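Here are a few friendly notes to read alongside the model. Please keep the structure open as you go through them.

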Amino acid sequence: MSGAAILHAVRGGIFRRRLQTGVVAFVVLISTASTVVALALVVNSEAPFDHAFAAQRGAHIVATFAPNVAAARLARTARVTGVTAASGPYGEVRVTGTSEGMHFEPQTLVGRATAAGPVDDLVIQDGHWATQPGQVVLATGDSGSGLGFSLGSTLIIGAGSHRQTLTVVGLANSITGSASGWVVPAEIPLLQAAGGTSASQMLYRFADAGIGAPLQADVARLKAALPRDALAGTMSYYTAKVEQDGNIAPFVPFLLAFGILGIVMSVLIVANVVSGAVVSGYRRIGILKSIGFTPMQVTAAYAAQIALPALLGCLIGVVAGNALATPLLRQNATAYGVGGLAVPIWVDIVVPVGICALAAVAALLPALRASRLSSVQAIAIGRAPQAGRGHAAHRLLGPLPLPRPLTIGLAAPFARPSRTFLTLAAVLLGAMAVTFAVGLSSSLKRLLDGISHQRAEPVRIQLPGDGFDGGPQRIKVGPKHSKAPASNPVGLQVPTARAEREILAAVHAEPATRHVVAEADDSVSVAGMSDQTQVTAFRGAATWTGYDLVSGHWYSGPDEVLVPTGFLKQTGRSVGDTISLAEGREALRVRIVGEIFDTHNRGLNLVTSWATLRTLDPGIVPDQFDVGLRPGSSAAAYVNAISRRLGPDYDVELNSRGPAVVDAMIGLIGTLAALLAAVAALGVLNTVVLNTRERVHDIGIFKAVGMTPRQTTAMAISWVAGIGLLAGIVAVPLGVALHHEILPAMAGSVGLRLPAKYLAVYDTTMLLVLAIAGVLIAVAGALAPAVWAARINTATALRTE
Amino acid sequence: MDTIIRFDEVSKSYDGGRPALDRVDLEIGSGEAVAIMGPSGSGKSTLLNLIAGLDRPTSGGVTVAGVRVDQAGETGAALFRRNRVGMIFQFFNLLDDLTVADNVALPAQLGGMRRAEARIRADELLRMLGLASHRDAYPARLSGGERQRVAIARALVNRPALLLADEPTGALDTSTGDEIGALLAGLHRSGLTLVLVTHNPELARRYASRTIELVDGRVADPSTRDLQQVVG
């Protein structure tokens, strides 16, 4: 028998069984694509900062020099021992101003002609580079170095004849966070004239940039090469690395969970689809053998018959996986604070090779088995399940008070236990992913509220002069009053009693007001800590302000404080311990009565009563008023109403949503869960297609004795609906367990503990709905082939053996 | 005699090839026993399929028991078969996963009859056909004759007016075939209209009062012969 005969058999098998060929190719395509996505996300969460730092040639040191150091002299520092690359000198100016009516804190703008450079290669993530004066490119990410405004925003710097207006034309990532934004070099003297503080910037990479002594030695060599006091300040890459590693860490546990789920599901489904395709061809194998094909030829023919569509599916799947991964990785890059993430080349090679190898094994095993059977045995096994299988199920399910097509359909899976098991496993994993994702999203939304307090206190009315701390945006209010920081030589100005009365009168006049409380923020010393610690005090009842308790209880009297988890970790204290606070000459011992979930000021912000803080700072005055609204009230309408009551001297604004990274996570979770559910549905589709092909003669009999198309569709769907229901019921507790495991791991990776309410997101109704997820996945996968089964021509089906 | 089956210029082709039926006109009266005969490939089974609504003609009209079967949708055709027609096939077409009783009760249950009621009706038919002891057996365990009797019971469960049999004895030995033939004859005498496809002239002679011959998709003799008259 010549190779041409085998080729003919392969061609016939592929083109005569187009549906099956198509299903194999499609399932392999989707499995390959989802595995590429899963692996790319997991791999890119492994030290993305380090990879991006290398790719973007990040600066080990960002050095700021006094403006009077000659540019040529600075340029020569590129030849200092240990320096492997240098960029600059760039003009640098520190500016402050307003944007959209809001003051922003001093920011560093650097004059660069291009985004690219030998050091600190900037990645433009939106818009374009500045091409002329009047344009600015801002740094992206909420790493704290950026202003966070969008394309088209304007920044107004200075006043009068030297006023400069900059339009945001681009957003770019500096892996080292070398500036808040960039302008063309010609803009720098204009900004200096507008009141900016000028300096020069150099960026360096070193041969040995290890944290600690090596980097300190590098900096010392730079200083030695320049006049005394030339070097005004340095920032090492380590600051950015720590911050961005903190952004990345929470992603890793859930990406790993989804990644593993996705890979396992892909393996299961490819194995199920491919082996099923071969098994359904046993009759044809028997016929080929009966006309002279040897066992080896039959095996080769069937392996090729599967390999070709599988290979096609893999190749297209890699392309599709890259296309799907790209926007997800771009979103992750923003959340991680790196320039860009990409699918590693090795993933594009390993995944299709692995999937093809899996398909080959899944095809070879049943093909080898079939080749060892006699022709008669192979034909007899054919499409028909082993005689006797499923009889007990039919006897048990037949008496159920359900329409007959459903009881017949529910019993059918027992005739093919292996296929049923693989389908059950795939649907279970898909439903588990959905359960996990729903819980995780709900928890993250509560976590986002816990960080931002947006739901509890959507409106804040703040006195001007308080700065940003990296948390929710603050709003300035009060008739031009400001509370200057202690270092401000202008001195302290306190808001008048009239201003306070006006604010409270306006708030109480609004029917939507539910709560209002005055809040003061101060800095105190904590015994044992080198830096000052922020304290927030409330005047009045404040349990509604959105601080979620991890343990303990809200303060109920003076000399009691609430502290975040970070504070407890750093000080080694526990709830119930006492600590010593001091401000100026005043000192006080307070008891820690509760641990709160709070990430402001790097998790070191204390919360206490007005009376407690007044002991340390007798002159305490409110910095802001926090407002809670009645349910159903529009916060935006409330802000407008209060603004009208208070007039233009007061600024009233909405509390912002919180860190974009959490929104990025929620979006990613939804996408991954939908992908896994789709993969599971594909597994079901394959099962129903195979069942339909095997049972086409039986379907003909059913239709011949009077089964209508609708009844046939219902029967075909019920082949897998029972599997889906069982999978859903089992998946729910597994998904909940996974959620309870992963979420604390995510929080723990950034040193946080979670309040119980962030985990307790599954109520009874939700669990019942999620249990149906398995059925929905099964029905979604079964619908198309079930409708096809109903449309089979009865006479043709009866002729099929 | 009322006409129960009428074909008006019915043609049926598959994939644009030579027609399996070519402009066939025929009428079968209610209560008749008619044998459709012809060589292999003459269109006998196609004709039966069209009567049962298992397939649709390429052109022409098929009216059975007052229903334009050719114009019925899939649902209409299924309901028609369920309520008006009982079908018996050469290779029985029983469902191997269901017991004998479940096979027989199936058409009744598809029509909405409750399981208990359908089982009573099935048991009645199985007793009538001498299969009561096999009610819980599976078809694979039965002989050919027994399986065909199960198929007959299933065909009768909804009390059809018309019984269609496609080579009912083709897979059986002679004596078993005679048993089945006699059974069908008895059912005809009880009032059922019987249309029997066969290539066996002896079977046609014994159990049909009239023969329609098909050759290459056409009725061989437009004025069909009366077998009783021929045999005398």
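**Notes on two interfaces**

1. Let's begin with one pair of residues. D449(A) and R455(A) form a salt bridge, and their closest N and O atoms are 2.6 Å apart. A salt bridge here is a side-chain nitrogen of Lys or Arg within 4 Å of a carboxyl oxygen of Asp or Glu. Between domain 3 of chain A and domain 4 of chain A, the count is 3 salt bridges.

2. A word on the basis of these notes. This is a predicted model, in which local features need pLDDT of at least 70 and side-chain atom pairs count only at pLDDT 80 or more, while totals for chains, interfaces and linings use all residues. Residues are numbered from 1 along each chain as its sequence is written, chains are lettered from A and ligands numbered from 1 in the order in which they are written, and side-chain values use heavy atoms, leaving out hydrogens and water.

3. Domain 3 and domain 4 of chain A bury about 1300 Å² between them, with 50% of it on carbon and sulfur atoms. Buried area is the accessible area (1.4 Å probe) that two parts lose on being put together, summed over both. On the domain 3 side, I451(A), S452(A) and R753(A) supply 42% of the area buried against domain 4, more than any other three residues.

4. Now for the two chains. In all, 27 residues of chain A are in contact with 25 residues of chain B. Chain A and chain B bury about 2300 Å² between them, 57% of it on carbon and sulfur atoms. H391(A), R404(A) and V705(A) supply 25% of the area that chain A buries against chain B, more than any other three residues.

5. How many salt bridges are found across the interface of chain A and chain B? The rule finds 3. One salt bridge joins R695(A) to D97(B), with the closest N and O atoms 3.6 Å apart.

Notes: Contact means heavy atoms within 4.5 Å.
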